[in-house]
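This is a short report on a model with its sequence.

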Amino acid sequence: MDKPINQGAWLLVLPVLLIVAFSAIVPLMTVVNYSVQDTFGNNQFFWNGIGWYQELLDPTTDLGGRFFDALWRNLLFSFLILAIEVPLGIAVALSMPRDGWRVAATLVVMALPLLIPWNVVGTIWQIFAREDIGLLGWVVNRLGIPYNYTADPLSAWVTIVVMDVWHWTSLVALLCYAGLRSIPDAFYQAARIDGASQWAIFRNIQLPKMHRVLLIAVLLRFMDSFMIYTEPFVVTGGGPGNSTTFVSIDLVKLALGQFDLGKAAALSIVYNLIILAVCWVFYTVMTRMDAQRN
Amino acid sequence: MARIDLQNLGHSYTPNPKSDADYALKPMTHVWEQGGAYALLGPSGCGKTTLLNIISGLLTPSEGRVLFDGKDVTTLPTEARNIAQVFQFPVVYDTMTVYENLAFPLRNRGLRGPAVDARVREIAELLDLTPDLTRRGRGLTADAKQKISLGRGLVRPDVAAILFDEPLTVIDPHLKWELRSKLKALHRALDLTMIYVTHDQTEALTFADKVVVMHDGRVVQIGRPDELFARPAHVFVGHFIGSPGMNVLPAEVAGRAAKVGGHVIPLGRAYPPLTGGEKIEVGVRPEFATLAPAGAGVPVRVTRIDDLGRVRIAKVELSGLPMAATVPESLAVNGDEASLIVDPAMVHVYANGALVEGEAA
């Protein structure tokens with residue numbers, strides 16, 4: 001039987017095309033448009049070609065130097081919080097109760113940090129960690145440890161890393177807990193009969209079952225931390241100096257502070273491409289590994 | 001190698017059991033002889049798995065003791081007992097190869113080197129798993145996975161008994177037969193005590209030398225398959241074993257005759273008058289109640305005839321009481337009038353569900 005050809009069917013795709021165009025393609029093209037031009041205000045634009053991109057990707061220039069410094073800070077931050085939150089989240093998930101009323105209680109407590117708006121989290125820690133009136137900052141200083149996140153880069157880093165761990169470890173833990181809950185009791189019973197140690201149970205039963213959710217957890221946490229803006233902006237504003245200025249914070253300074261639309265647009269595009277590329281590589285590698293395992 | 005003694009063993013999931021209904025497993029005493037092939041048969045929720053988990057040590061009984069070769073192991077954890085258990089759903093460690101899966105119980109017990117290797121290969125050979133040894137557990141078929149679960153039990157040289165908790169539930173029907181034969185062969189080859197939990201009478205009767213029938217947390221009969229068939233100790237056993245199950249009809253019993261629905265059925269044994277207020281019933285299997293032309297025996301009305309292939313089973317009514325009977329091959333049933341010939345030796349009398357022993361003479 002010949003398939004009937006009906007070009008009218010394209011009309012059915014039109015709404016989706018329109019929505020995608022207005023939500024993604026049109027705004028993105030505006031940014032691309034800015035990134036190849038220069039402006040001195042008055043809505044006058046001059047063609048600049050790939051000039052901004054060349055400057056951005058050359059670390060010897062002012063713009064390129066700023067960008068790469070911020071990029072390394074971002075990578076360091078993501079590495080630190082992943083290195084802390086993933087093992088900690090697994091540990092928390094393993095020690096969560098498996099049944100009874102405590103399950104509901106634990107889940108609610110665990111979910112609380114996730115429900116707080118991001119700038120509120122920033123404000124909480126901004127006050128909590130102040131060395132003059134903040135409970136944490138004051139106590140730490142009274143213990144004889146010099147701690148002042150507005151003056152000392154190390155203190156500032158410790159503050160934002162601890163804040164992120166406080167805010168997001170729950171997410172990793174909850175995802176892992178979901179993975180753990182999907183393990184039938186028979187596995188634990190069989191492991192007892194096989195004489196498996198706690199470590200052997202973790203290594204051979206729990207970790208393989210958490211593998212998939214961990215993949216998602218790492219991906220989510222990486223993307224989120226790589227794009228982090230609100231919390232460090234509220235707590236440190238990118239300081240002291242530029243020590244906690246991440247790419248997103250720098251982008252806002254560039255676009256809204258200095259009104260360098262061309263530079264900011266080029267930075268946006270590159271920033272976006274980096275995140276897409278990293279996620280793609282990450283996802284491909286993980287699914288390959290998964291396929292090999294079978 | 002062990003003989004397993006259960007002494008006054010009972011279990012309740014509620015802290016202070018008061019009535020019988022509070023027990024998941026009502027107190028019982030039983031001995032599992034070394035090398036026996038047992039089946040624990042009963043419907044879902046009758047306490048089979050509870051009993052099994054107590055023997056393996058996954059559950060500590062609330063009452064009574066468990067002895068392995070006379071040694072009290074009631075409070076010993078599973079790891080410390082020389083026992084293996086195979087579960088309903090195959091448990092395979094996905095990330096390990098089949099070889100590593102089989103070696104796992106040995107390595108956990110500190111064994112290393114050539115001893116492990118020799119044992120693993122021996123067991124793999126027994127279970128026809130040798131070609132799969134290097135494959136990962138993931139992606140194997142359900143029956144291969146179940147063989148691996150079984151293999152992890154067999155691989156330990158000190159194992160006294162292997163417990164099976166409905167191990168063939170997730171296996172395809174045509175492979176069930178194969179695996180069951182495999183189990184039978186292993187039992188003969190290895191001289192192990194095997195206890196096999198199932199709700200499938202075919203599995204139980206073909207696997208076991210002795211079948212333990214459980215009902216509502218209580219053991220109602222222990223016997224060889226033929227005993228369960230010929231002399232059910234409880235109407236439940238009569239119903240549960242056999243397809244269709246035993247006919248159970250209300251009756252009045254006196255001497256060597258039972259009066260059912262106004263008709264007299266002769267009995268093989270003599271019974272004292274049973275009038276202690278109990279519910280008196282007679283039970284006869286369809287296999288021992290044969291349909292005959294009208295006038296040859298007790299008159300019945302035929303409502304339906306089912307052709308089961310090997311035999312024909314008639315649904316009949318004896319004075320309005322429904323029952324099933326065998327239709328002889330030579331008999332052509334015309335109309336719905338017929339009669340029933342019952343083998344007196346195979347008619348049993350039950351009082352409140354329990355078998356009443358008559359006098360043979």
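In this predicted model, α7(A) has a kink of about 40 degrees centred on Trp168(A); the bend at a residue is the angle between axes fitted to the seven residues ending there and the seven starting there. Helix α7 of chain A covers residues 153-181, and its 29 residues reach 41 Å from the first C-alpha to the last, close to the 42 Å expected at 1.5 Å a residue. Helices are DSSP runs (H or I, at least four residues) numbered from the N terminus.

Between the chains, 17 residues of chain A are in contact with 22 residues of chain B, where contact means C-beta atoms, placed from the backbone, within 7 Å. On the side of chain A that touches chain B, α8(A) gives the most, with 6 residues.

The table lists two nonpolar cores, which are sets of buried Ala, Val, Leu, Ile, Met, Phe, Trp, Tyr and Cys residues joined through C-beta atoms within 7 Å. Buried means that 20 or more other C-beta atoms lie within 10 Å of the residue's own.

| Core | Size | Residues, among them |
|---|---|---|
| Largest | 100 residues | Ala39(B), Leu40(B), Ile195(B), Tyr196(B) |
| Another | 19 residues | Phe67(A), Leu254(A), Leu267(A), Tyr271(A) |

Beyond four places in sequence, the contacts of Leu40(B) include Lys48(B), Leu51(B), Val212(B) and Met214(B).

Residues are numbered from 1 along each chain as its sequence is written, and chains are lettered from A in the order in which they are written. Local features need pLDDT of at least 70, side-chain atom pairs count only at pLDDT 80 or more, and totals for chains, interfaces and linings use all residues.

Key: A residue is buried if 20 or more other C-beta atoms lie within 10 Å of its own, exposed if 12 or fewer, and partly exposed in between; C-beta atoms are placed from the backbone. Two residues are in contact if their C-beta atoms, placed from the backbone, lie within 7 Å. Helices (H or I, at least four residues) and strands (E, at least two) are DSSP runs, numbered from the N terminus. The expected span of a helix is 1.5 Å times one less than its number of residues.
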